[in-house]
Amino acid sequence: MKVHRLKIMRIVLSLFFLIVTSLLFLDYRRIIPDSWFHVILSLQFVPSLLKFSTLLSLSAFGFLVVLILSFLFGRIYCSTICPLGIMQDVTAWLSRKTRSKKNRRYHHAKAHNILRYSILGITVAALLFGSTWLLLLLDPYSNYGRIMTYFLKPVVVGLNNVLASLLQKKDIYTLYPVSIPAVKAAVYTVPGIILVLTLWMSASKGRLYCNTVCPVGAFLGLISKVSLFHFRINKTACTSCRLCEFSCKSACIDLKNMTVDNSRCVTCFDCLDSCNFGAISYTVRKPAASVKEPELIPVTPAGKKKDFDASKRAFLLGTVAFLAGAARISSAKEYPKNARPTTIPEEKEFPVTPPGSISIQHFTGHCTACSLCIDACPSDVLQPAFLQYGLAGLMQPVMDYHAGYCNYDCVRCTEVCPTGAILPLEPEPKKLVQMGLAVFVKESCVVYTDETNCGACAEHCPTKAVHMVPYKDDLVIPETTDDICIGCGACEHACPTEPFKAIYVNGKNIQSVAQKPKTEKLENPLENTEDFPF
Amino acid sequence: MKRRDFFLRTAGAGLGLSAVASLGGLHPLMAGPAMAAAADMAAVRGGEPNVMFDRAIAAMGGMGRFVKKGQKVVIKPNIGWDVPPDRAANTNPLLVKRIVEHCFNAGAKEVLVFDNTCDAWTKCYRTSGIEKYVREAGGKVVPGNTEGYYQEVEIRNGKKLKSAKVHELYLAADVIIDVPVLKNHESTKLTIAMKNLMGVVWDRRYWHRNDLNQCIADFAGFHRRPDLVVVDAYNVMMRHGPRGVSKSDVVNMKAQIVSTDMVAADTAAAKMFGTDPASIRYIRLAQEMGVGTMDLSSLNISRIKI
């Protein structure tokens with residue numbers, strides 16, 4: 001049977017997007033060049049919108065493309081670009097493969113308008129108040145990223161490690177074992193719930209999740225109501241065989257009333273493919289007056305009418321609010337409410353955010369915790385936060401200096417971040433971004449307690465903000481210079497004392513610029529020395 | 001080495017043999033056992049790292065004295081930091097490459113190179129140039145990044161360090177060549193051959209926590225010691241060690257010390273640096289433990305000026 005070309009196009013494109021997007025998260029050997037990340041993720045709606053809100057430049061134009069696509073063709077994003085949506089298509093397809101023909105059928109269902117528009121409304125409202133809290137939990141791209149990072153990547157890395165250890169016995173070291181730092185169980189809960197929910201919903205009801213829970217789906221659905229191209233049933237050609245309805249994973253084809261709910265349609269084109277009589281078409285929307293089949297417009301009961309109005313209002317509100325929320329985020333410069341208070345001297349007043357994240361406020365207000373930077377970081381210093389940013393910041397990356405430290409010459413997280421939470425930095429300016437300041441606790445230091453030399457902190461310090469000064473006898477003890485400290489955490493990571501480190505980095509609420517490390521000319525000690533002083 | 005020679009070498013399957021053929025019989029790589037008695041230590045000045053090594057190893061009796069046919073050689077350079085070669089925080093890659101070539105010429109079956117780095121290991125291996133140069137010479141670059149590679153061993157004579165997790169290759173090697181770079185170290189004053197061995201163990205924090213100088217000496221006293229020590233003092237970091245801040249920390253000393261005794265190598269290198277070896281506690285401790293000698297006058301030293 002000939003498959004409709006639009007459907008083929010959709011499948012090819014969607015698999016392409018799904019695979020390349022997944023690879024970004026699963027690339028545990030970090031082979032994919034930094035510059036590819038932006039290209040691949042440029043069309044992800046929420047990240048692009050957030051990035052635009054910061055840069056206010058058209059370089060983050062992806063969301064505009066998605067908006068235009070939606071106005072023209074409907075929810076193309078949902079069917080071909082959104083990785084969570086495509087993952088559900090795959091699950092739905094697989095689950096249907098295992099069923100009898102009759103059980104494969106989808107059936108028309110009523111829209112869950114109150115639910116989907118409420119979620120959209122609350123998400124937008126939160127955004128208006130400068131909180132990405134719900135967006136972080138519900139953005140489909142970010143959820144997919146977390147599913148990759150916390151569930152699939154460990155499996156891939158596990159397989160790699162088994163293979164690596166087998167090859168190692170034969171002195172082959174092309175594969176090497178990779179360790180993934182353990183994360184708090186709480187971090188698994190959100191992606192875990194979303195994974196179970198999407199797998200279950202898609203296996204049983206197709207794109208139900210996208211039309212009930214997903215705020216992006218609801219938002220783009222509102223646009224699809226007025227999109228240029230839309231699906232329409234030609235009553236004269238239709239034999240009411242219901243094949244289109246049975247094929248519709250969005251349950252949006254109502255054959256009783258001969259209508260298609262374009263707000264729920266994810267433009268998968270399966271219906272076009274299913275119809276043997278060309279009775280369902282994807283054509284340019286005609287103005288209501290010129291529609292030649294007025295009898296096809298169902299007589300809407302009062303309740304339905306109200307729904308329609310409500311969604312119209314929600315559409316307007318949504319559009320305005322999304323943009324207003326984005327604008328608000330970019331202008332907000334408040335003291336963060338989620339910093340931990342200073343109670344114990346060793347405790348950090350602020351968590352450390354990645355280089356280029358401007359401030360805690362900016363970072364937590366733009367990061368959707370997609371976890372891409374966590375995967376991309378070559379030193380494992382970026383780890384999902386537990387409560388460092390408060391409950392709303394669960395899973396947002398934090399610089400964890402017990403897991404690693406920020407590699408001085410590395411700017412990878414700044415290059416890959418799709419939301420603008422971490423802004424791009426060149427290596428040289430990055431070396432001067434002050435993310436925090438080293439705090440030395442003399443009373444915990446080995447040199448003080450044991451009176452033996454250590455110096456691990458100064459050893460690792462790339463700027464010599466931590467350096468050793470004479471102490472007793474032959475001993476040297478660390479000293480810190482704030483103006484050249486960048487808070488990379490090398491000192492904290494290397495410090496051997498436990499459980500509390502004798503040197504740690506206190507994060508900065510707002511990142512600043514450090515002084516350049518001193519580089520006076522060395523007096524040449526080689527002059528006037530013999531070739532072989534022995 | 002000429003670019004043309006390199007292509008000739010890699011083109012042939014028998015890497016070592018083709019090298020000898022293409023470079024000609026007078027090339028230092030061909031140097032057999034020296035006529036005079038092999039030196040205990042060779043100190044060279046004034047050449048490029050590879051040239052100095054050719055001369056030094058010839059004076060030591062040729063690589064054949066240390067590497068026999070079919071043996072597995074492990075080279076341990078310092079690859080601790082994600083900085084380029086001119087910063088002298090890592091061992092000179094050209095030197096490492098030349099050592100690999102000499103090993104193959106002596107008949108080595110395999111030459112493996114690794115370090116348990118401080119900065120992110122993939123970046124260190126790449127930025128240091130060592131990964132590329134070792135592969136060019138036909139050697140294997142081995143990761144040291146996961147605990148799984150390390151096996152617990154007892155340090156019998158250790159005073160503070162009673163046991164350590166040591167990289168399996170260090171334990172399995174037929175020949176170990178320790179190739180440190182001489183540089184300043186803010187806490188232990190200098191890092192040379194003995195300190196470089198911190199990169200073959202997993203838990204360095206324990207050393208720092210439990211009298212670093214004693215632990216360095218303790219591990220130097222571990223029964224499996226390097227068979228050959230090559231101290232790279234071509235570019236030397238004079239301050240801000242061991243990572244350094246900029247090129248202004250580095251001087252072009254153009255020196256190299258080759259020895260079979262880590263304590264002697266560290267002593268000679270310290271003198272070259274301009275530091276009294278007796279002021280470096282781990283060198284003193286290692287001598288007291290009988291690891292080697294600080295008395296350079298007792299050694300047959302070949303001094304070579306290029």
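Analyst: Start with one term. A residue is buried if 20 or more other C-beta atoms lie within 10 Å of its own.

Helix α3 of chain A covers residues 45-55. Nine of its 11 residues are buried, so the helix is largely enclosed by the rest of the structure.

Now step back to the whole chain. Chain A holds 21 helices and 10 strands. It has 534 residues, and 47% of them count as buried. Take the contacts in chain A with a separation of 6 or more: 75% of them come from residues 24 or more positions apart.

How far can the model be trusted? It scores ipTM 0.87 and pTM 0.86. Chain B has a mean pLDDT of 90, and 88% of its residues reach 70 or more. Over residues 1-26 of chain B, though, the pLDDT is below 50. That stretch has 23 contacts in the model beyond near neighbours in sequence. Residues 31-35 of chain B also stay under 50. For these, the model has 12 contacts beyond four places in sequence. Where pLDDT is low, the predicted coordinates should not be read in detail.

Note on methods
Residues are numbered from 1 along each chain as its sequence is written. Chains are lettered from A and ligands numbered from 1 in the order in which they are written. This is a predicted model: local features need pLDDT of at least 70, side-chain atom pairs count only at pLDDT 80 or more; totals for chains, interfaces and linings use all residues. Helices (H or I, at least four residues) and strands (E, at least two) are DSSP runs, numbered from the N terminus. A residue is buried if 20 or more other C-beta atoms lie within 10 Å of its own, exposed if 12 or fewer, and partly exposed in between; C-beta atoms are placed from the backbone. Two residues are in contact if their C-beta atoms, placed from the backbone, lie within 7 Å. pLDDT is the predictor's confidence in each residue, from 0 to 100.
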